[in-house]
Structure formats: structure tokens, C-alpha cells
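Open the model in your viewer and keep the selection tool ready. Each stop below tells you what to pick and what is there.

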Amino acid sequence: MLTCLPLYMDTILNFNIDTNGALSTMPYLTLLASRILSSLIIDPVIKRSGFKKVNIRKTCTLALVGVAACFVAVGHVRCDSTAAITMLCLSTIMQGVMIPGFFPSFTELTLDFSGVAFGISNTVANCAGFIVPLMVGILTDENQTVEAWQKVFYISAAISVSGSVMALAFLRTDPVSWAQDPDEGKLSQTARDKLLIDKNDDEKEGAWALLVFETTV
């Protein structure tokens, strides 16, 4: 969506991006605001609620189903630019809600290896930057119609739903075995408690660093 949204707005919505710059940037602004606000809200919810942290993380990833619904809706509002921009803004809001369900898993799962894990994951994820334009070009080349773009949105919706399903099935918040310190079990209870506090602080810093990095990118 972020890669090909300007093309869609130009060819289907007949949007003059030069003269409607503020409205054109609305989906990006709502994405930025949603990522920051949802991350600030989820931490207190985890601390004060009686729900397991992993269940709250999984609930956040359900926002991807809402993203998929918005993508399908965009394909059916046809040339109604107001409705299309509204649906795109709603989709980016829900994308932001997904962030605190997914990004903290790097530090929770891999602890001190979170930087490497994020680097590998983000490298694969950014392949969409060249795959998506190719796919959109194949589907819409010399065929800039609502029907052609509906196929693009259907594919995007399917990817969003599959991501939510995989998160519900496999997301966890306890560290994997290879990321844990084998000597940690030899420490006294006091030392282990202090180490746990230090790790929690590092996880928070790491999660915020990932959020800031992804938001700026």
C-alpha cells in the first residue's frame, strides 16, 4: 500500500497529488500516529490487566483482519475518493495497532539476539519494496481499471489475513532456548531477579528502538 498508493490515487481516484498534498498524506499520518499511540497504550494494558501477555499480543495482530477488510472495501468504492481515503486511513490505523503485538516479539523471543533477528526479518520484509511494484505492474499494465486494482487489494487482503493466522498460531512471548544464557540457572535467586529486571528494561528500550526505526523508515 505504501509503495503503490500514489499510483492508485493518480490513476483511479484521479487525485492531483500536487494540489491535494495534505489529503494525500492522510494515510501516512494516521499510520504514524497509530503506531505511537497503540504502543503507549498496550504496555499499561499488559501490566494492569489479568490477561496473559501472549494473548494481548495475539489480539493486536487481529487488527490485520481489519486491514484486509479495508483493502477489500477500497476496491469496491470505485472512484469515490473520499470513501477510498477514509478506508485507507482506517487500514493504516489498524496496521499501527498491530505493531505492539508483533515488534516486541523480537526482544521477547531472542533477547540479546534481537538486533540480528530484526535485521533478518526486516531484510525479508523489505523485499516487498520491489516485489509489489512488479506484481502491480503485471496486473495493471495498460489496464488501469477498478477491476484490475481490485485484484491487487484482494491479494493484499489475503496476505494480511494469513499474517494474522500465523501470529495466532505461532506467536509466543517466552525466549527460545538458544537465546537464553545457560549459566543463568546457576545464579542465586537475588541475582536472577536483578537480571530479569535488567532484561525487562532492555526489552522496553529495544522495542522502542525498533518502533522508532520502523516509523522513520
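Select Leu32, Ile36, Leu37, Leu40, Ile41 and Val45 in this predicted model. Together they make a nonpolar surface patch of about 500 Å². Now pick Leu40, which lies in helix 3 (residues 26-48). At 46% relative accessibility, Leu40 counts as partly exposed.

Go next to the salt bridges; the count comes to 3. Select Lys53 and Glu108, whose side chains meet in a salt bridge (3.4 Å, N to O). This pair links distant parts of the chain: Lys53 sits in helix 4 (residues 53-61) and Glu108 in helix 7 (residues 104-110), 55 residues apart.

Arg57 is in helix 4, 51 residues from Glu108 in helix 7. Are these two buried or exposed? Both Glu108 and Arg57 are buried. Glu108 has a relative accessible area of 4%, while Lys53 is partly exposed at 31%.

Jump to Arg172 and Asp174. Their side chains meet in a salt bridge too (2.9 Å, N to O). Keep Lys53, Arg57 and Glu108 on screen as well: salt bridges with shared partners join these three into one network.

Last stop: helix 8 (residues 114-125). Which residues of helix 8 are buried? Select Ser114, Phe118 and Asn122. Look down the axis of helix 8: these buried residues fall within an arc of 55 degrees, so they line one face. Turned away from that side are the exposed residues Val116, Ile120, Thr123 and Val124.

How values were computed: Residues are numbered from 1 along each chain as its sequence is written. This is a predicted model: local features need pLDDT of at least 70, side-chain atom pairs count only at pLDDT 80 or more; totals for chains, interfaces and linings use all residues. Side-chain values use heavy atoms; hydrogens and water are left out. Helices (H or I, at least four residues) and strands (E, at least two) are DSSP runs, numbered from the N terminus. The expected span of a helix is 1.5 Å times one less than its number of residues. Buried means under 20% relative accessible area, exposed over 50%, partly exposed in between (1.4 Å probe, protein chains only). The arc is that of the directions from the helix axis to the C-beta atoms. Patches are made of residues with over 30% relative accessible area and no salt bridge: like charges are joined within 9 Å, nonpolar side chains (Val, Leu, Ile, Met, Phe, Trp, Tyr) within 5 Å. Accessible areas come from the Shrake-Rupley method with a 1.4 Å probe; for residues, only the protein chains shown count as cover. A salt bridge is a side-chain nitrogen of Lys or Arg within 4 Å of a carboxyl oxygen of Asp or Glu.
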